[in-house]
Amino acid sequence: MRAKREDLFPLIEPLLSKVERPSRYLDHEWGACEEQDGPFHVCLVYADVYEVGQPNLGLAILYKCINAVEGMSCERAYLPWTDMISLMRERGVPLLSLECAAPLASFDVVGFTLAHELVATNVLETLDLAGIPLTSAERAEDDPLVVAGGPSVWNCEPLAPVFDAVLLGDGEEGLVDICAAIRDCRDVGMPRQEILLRLAQVPGVYVPSLYDVVVDETTTRWGKAVPREGTGAPAVVRKRCMGDFAGTDPLAQDIVPYLGIVQDRLAVEVLRGCARGCRFCQAGMTYRPVRERPAEQVVTAAEEGLARTGYDEVSLTSLSTTDHSQCAQILHELNAATAGKGVRVSIPSQRLDSFGVEMAGEVAGAKRSGLTFAPEAGTQRLRDVINKNVSEQDLETAATNAFEHGWRRMKLYYMMGLPTETDEDVVAIPASAERVMQLGRRIVGPHKGVAVSISVAVFVPKAHTPFQWCGQLWPEEVERRQRILVGSNHDRAIRVTYHDAGTSLVEGAVSKLGRRGFDLVYRAWELGCLFDAWTSEFRLDLWRQAAADVGLDLADVACEQFELDAVLPWDHTSPGVSKGFLQREWRRAMQGVTTPDCTRDSCQGCGVCPSLGVDNVVWGERS
Amino acid sequence: MMDSLHRLRVEYGKDDRLAYLGHLEVIGTVQRSVRRAGLPFSIGNGFARRMRIQFSQALPVGASSACEYYDVYLEDRIDPDEALELLAAATPPGLAPVRAAYVDPHQDALEAWLTRATWDCVLVGQGLAPVAWTRATAAVRAKGSLRYLRGDKEKTVQLASTLVSADFSPSEEGLRLALETRNTPEGSLRPGVLVEAARELLGAEAGIMDTLRVRRVWQSHEETDGSLVEPL
Ligand code: SF4
């Protein structure tokens, strides 16, 4: 029996005075869709606390898309923080949606966004707190259909047993199609198993329970997923892609939170996709092709959004905003339109080679706190390997532009453990930060608060990238190189931070594993792993124990190199980029040969456009 | 510069579940409401270019109120009723504005100017005896000052100046406390702090208090002669 749909806020209210940040659980924000008449009810979940999940633009887009459909209603849910979870478990209060405070288990569809690999144990916790069986196989006829989508579906095998269906690619139409299919099937009383068969026919939808994992001589030890005979499920599920991106609503965010959230500002997605071709970047490969919104649309949407939400900051978001062919024009027009209103215009991170003088003058209006650049590697040789087509000169020019236009603080992002990396590449990281620091001191003045910091992440090989075959760097070696990094920084004013090797190790293992990864995730959750993306909560010891309990070793999994011709655990899902292209890119990487950006050069044959029937959409000229 | 601006005072409530908003969350929400309302607010000259706006003293998280205030400085003088209407349409119902009027731009900062508050508190529970609680509160007051923890910081509040009166009476849910407090430059008394001190003193005699419900019902300015001036 499906849980009853009822308002259970009175069960939560007495707990509010006992927990940290009660505003996480209030709902009633400005812009929230309080009319939730259904009759078909969907709840979208971000399995982390409110302030982390609420800014997620993908969820905001889907919330709006579903609520716009006649007869469908969409609510939100987040994972409560540990203090609230304990109280709820103690008193037998199930997880509720925000808008109607209805039990999650009463919904027709519960949809998760998978933002990264470390959310896995939180997904299990969410379902368990909701009283929904954790795996598709255990769910009863009437239970909600549990679906997933988002940037991290590209190796969803470790969570595959959890989901009834997984949507690959853009969700604007895909998720609505899934919901409509479920609604239609439920309307005619179709049994759950048949609903799953039906969902497998929806383009872009992967139904894990219809696939068997087969290990043979062509695969890695994690095997491949093969559709079971007679199910009609496709051998390879190709992603959904909104070719006419400019035809989608540019203003997805309606809800204005009370709580200071992670990105507390209006976001306008100015373009989708990036064709720079960085070889480590999963988003770069999986969000192709590049689709820009025209400048007028962005400017009008931003103005309208500011008026509608009352935000005093608008962020022009995308994978690479400064690459937008009309970026300078957009910034200029937006600054002119908001002049005198105390509004900031910001962009999330800047490409070194496209952050020109014009942009330096326009970003962030009056408040120029910090600027971030991502050279990713310290030497030109290694940058060529990863296809990060920027030079030391680009870094110096961008830094000069920024310092000359009033910036004082600069943060540089790098990665450690990239294929072919040597100690020389590591030592070069602080060296280039020092050059930036010297530039800053020369331009701004020696005691004017110039600050440069470097943040070094551990490279984690991801599915559907040219580096998907790589092994991750062994943890002991990560630690050795981190010592070299710190030891070779001679300027005490440069702050060096690096990612925890343990977190990266778990991320690496979960990124590599096939469906057997579920045993690991499940065991880790059983042992108490939760909020793994939070440094304060992450427990490497428990993850190690979980791995041992299921007969795995985290490093052995994460650091394994796959054969270039092996069938991979995620080969049955496709973002449209062909495996041949990825193999070619891997070979070019090993030769140190770079590949140009197809929005600036000719088509490089990645396969996305012909296979999905889409094209790059660029409104101006990309420099 | 400030002389050419118009200081609009807005009275609003903090109700229902929005009682659980923290002070910073209220500030952020009100500022966004003012922007959404399209009022001709003034922007400060500082580096951060913030809206010129002042708020009455922070309410404890969980406390509701019938009488919160903010003063927003406007560049143009628009009809206060019209401003109120625009704000009402742009504010979440739990923080709905109820009155608005222009006040003297030279008056002290709002938070310092509002020196008196009346609280209606309900101690929800069983076995809470008005006599015992009145006695305990008098004993707490007789000590002169009260030390308490806020987060992990130790604070002291002088009761002689900040506690004006405290009257307990029976209520359906337990015990009702009508409390009058005074804010001084040295500090102010939060209802929860007083109730907690009395409870500690009473020990087992206190009865069982499940929750303390706090509502601020009136704020005003106290002149040197003791007379009270309404904010609007
Ligand atoms: S198919 Fe060609 S044009 Fe399209 S994204 Fe790939 S490389 Fe670029």
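Which residues in H9(A) meet which residues in H10(A)? The answer comes below, in a short tour of this predicted model. Local features here need pLDDT of at least 70, side-chain atom pairs count only at pLDDT 80 or more, and totals for chains, interfaces and linings use all residues. Residues are numbered from 1 along each chain as its sequence is written, chains are lettered from A and ligands numbered from 1 in the order in which they are written, and side-chain values use heavy atoms, leaving out hydrogens and water.

**Helices H9 and H10**

- From H9(A), A:Ala295, A:Val298, A:Val299, A:Ala302, A:Glu303 and A:Leu306 meet A:Gln329, A:Ile330, A:Glu333, A:Leu334, A:Ala337 and A:Thr338 of H10(A) (contact means heavy atoms within 4.5 Å).
- This contact divides into 8 nonpolar, 2 polar and 2 charged residues; Ala, Val, Leu, Ile, Met, Phe, Trp, Tyr, Cys and Pro count as nonpolar, Asp, Glu, Lys and Arg as charged, and the others, Gly among them, as polar.
- H9 spans residues 295–309 and H10 residues 327–338 of chain A, and the two pack at an angle of about 30° with their axes 9 Å apart.
- Axes are lines fitted to C-alpha atoms, for helices over the stretch in contact, with angles running from 0 to 180 degrees between N-to-C directions.
- Helices (H or I, at least four residues) and strands (E, at least two) are DSSP runs, numbered from the N terminus.
- H9(A) and H10(A) are therefore roughly parallel to each other (angles under 35 degrees count as roughly parallel, over 145 as roughly antiparallel, 65 to 115 as roughly perpendicular and the rest as oblique).
- H9(A) passes H10(A) in a right-handed crossing; a crossing is right-handed if the near helix is turned clockwise from the far one by less than a right angle, and left-handed if anticlockwise.

**Two further helix pairs**

- The axes of H3 (residues 57–67) and H6 (residues 174–187) of chain A come within 9 Å and cross at roughly 45°.
- That makes H3(A) oblique to H6(A), and their crossing is right-handed.
- A:Leu62, A:Cys65 and A:Ile66 of H3(A) make the contact with A:Leu175, A:Val176 and A:Cys179 of H6(A), giving 6 nonpolar, no polar and no charged residues.
- H16 (residues 501–512) of chain A packs with H18(A) at an angle of about 35°, their axes 10 Å apart, in a left-handed crossing.
- Here A:Gly502, A:Leu505, A:Val506 and A:Val510 in H16(A) meet A:Leu540, A:Trp543 and A:Arg544 in H18(A).

**Around the ligand**

- The ligand is surrounded by residues including A:Arg288, A:Cys598, A:Cys603, A:Cys606 and A:Cys609 (a residue is near a molecule if one of its heavy atoms lies within 4 Å of it).
- The shell divides into 6 nonpolar, 4 polar and 1 charged residues.

**Aromatic pairs**

- The structure holds 14 aromatic pairs over all chains; rings of Phe, Tyr and Trp (its six-membered ring) pair if their centres lie within 6.5 Å, and planes under 30 degrees apart count as stacked, over 60 as edge-to-face and the rest as tilted.
- Among them is the tilted pair of A:Trp81 and A:Trp534, at 4.6 Å centre to centre and 45° between the planes.
- This pair links distant parts of the chain, 453 residues apart.

**Backbone details**

- The peptide bond from A:Gly38 to A:Pro39 is cis, with omega near 10°.
- Another cis peptide bond runs from A:Arg288 to A:Pro289, with omega near 0°.
- A:Thr420 has a positive phi near 75° and lies in the loop between strand S16 (409–416) and helix H14 (423–444) of chain A.
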